[in-house]
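Here is a note on the model, point by point. Please read it with the structure open.

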Amino acid sequence: MAEDLVLDTAIRDWVLIPLSVVMVLIGILRYFVSKLMRSSQVPDPKIVKEGQVILRARNLRAGANFIPAKSFRARRVYFSNEENGLLYVPRGQAQNPQAQMFSDPNMAMDMMKKNLSMIIPQTLTFAWVNFFFSGFVAAKIPFPLTQRFRSMLQNGIDLSTVDVSYVSSRSWYFLNLFGLRGLFSLILGEENATDDTQRMMQMSGFGFDPSKSLGAEKDGLDILQHEWALPKFEQRAETVLRNLVR
């Protein structure tokens, strides 16, 4: 049977709050350090153009039902035509992102700087947390959880009798590490928010492959079924007016 614990207020004042504040400050400091380490090279106009095409195609798919069917078909042909469509990439012209990275040393250097700006602060912060705050029960979640969450929330506590809703200090570090994107978006802006999960996913790849994104957007436009939403709005407005008249 799980035991209920009474958490000391000193743990809140000397473990929970300092750990959260330090994680926020380290995230902000890491953002500015990575911004200073970023090289000021001019982006490739071709890559910028392909990115703008992808955004336009996504906007077309998102608002396809708000334009007439004839206009949508014309725009789809403009984007996905296999002769001169903006989203069509011939097979021989597909770029290899790994070869592009090795051919451009600035791209490889930027990726190395980004990885170092993520790995070094995380390693030092985890060593600091593991040395000073190891073994503390820092907080309690106000709702019950199943046993599957024990390994995630009670890292560093080898007690099976403690309720799953209690969070250890080491687990609180990981929750702050991957869950502060919303706070960083408020402090630094939506585009400047540091997302460690996204950076870890980027570490597994070597670069951006625009041909795959263009092909995916082309396939999305080809299979999209157009259904004009304006007649439905007119019917809804007519129904609302009739109900008001009654």
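**Notes on the model**

1. Phe131 counts as exposed, at 66% relative accessibility. The terms used here are buried for under 20% relative accessible area, exposed for over 50%, and partly exposed in between (1.4 Å probe, protein chains only). Phe131 forms an aromatic pair with Phe132. That pair is edge-to-face, with 4.9 Å centre to centre and 85 degrees between the planes. Rings of Phe, Tyr and Trp (its six-membered ring) pair if their centres lie within 6.5 Å; planes under 30 degrees apart are stacked, over 60 edge-to-face, and the rest tilted.

2. A word on the source. This is a predicted model, in which local features need pLDDT of at least 70 and side-chain atom pairs count only at pLDDT 80 or more, while totals for chains, interfaces and linings use all residues. Residues are numbered from 1 along each chain as its sequence is written, and side-chain values use heavy atoms, with hydrogens and water left out.

3. The overall layout comes next. The protein has 11 helices and two strands. From the N terminus, the elements run α-α-α-α-α-β-α-β-α-α-α-α-α. Helices (H or I, at least four residues) and strands (E, at least two) are DSSP runs, numbered from the N terminus. Of the 246 residues, 30% are buried. The protein exposes about 16700 Å², and carbon and sulfur atoms supply 60% of that area. Accessible areas come from the Shrake-Rupley method with a 1.4 Å probe; for residues, only the protein chains shown count as cover.

4. How far apart in sequence are the residues that contacts join? Among contacts between residues at least 6 apart in sequence, 73% join residues at least 24 apart. Contact means heavy atoms within 4.5 Å.

5. Back to the rings. The whole structure holds seven aromatic pairs. Phe126 and Phe174 form a tilted one, at 5.7 Å centre to centre and 45 degrees between the planes. Phe126 lies in helix α5 and Phe174 in helix α7 (residues 169-179), so this pair ties together parts that are 48 residues apart in sequence. Phe126 is partly exposed at 29% relative accessibility. Phe174 is also partly exposed, at 30%. Together with Tyr173, Phe126 and Phe174 form one aromatic cluster.

6. Helix α5 (residues 105-132) also holds Leu116. Leu116 is partly exposed, with a relative accessible area of 42%. Met109, Met112, Leu116, Ile120 and Leu124 make a nonpolar surface patch of about 490 Å². Patches are made of residues with over 30% relative accessible area and no salt bridge; like charges are joined within 9 Å, and nonpolar side chains (Val, Leu, Ile, Met, Phe, Trp, Tyr) within 5 Å. A salt bridge is a side-chain nitrogen of Lys or Arg within 4 Å of a carboxyl oxygen of Asp or Glu.

7. Now helix α1 (residues 9-37), where Ser20 sits. Ser20 is buried, at 18% relative accessible area. Leaving out residues up to four places away in sequence, Ser20 touches Trp172 and Asn176.

8. Is Arg30 buried or exposed? Arg30 counts as buried, at 6% relative accessibility. Arg30 and Met118 are 88 residues apart in sequence and 7.6 Å apart in space, C-alpha to C-alpha.
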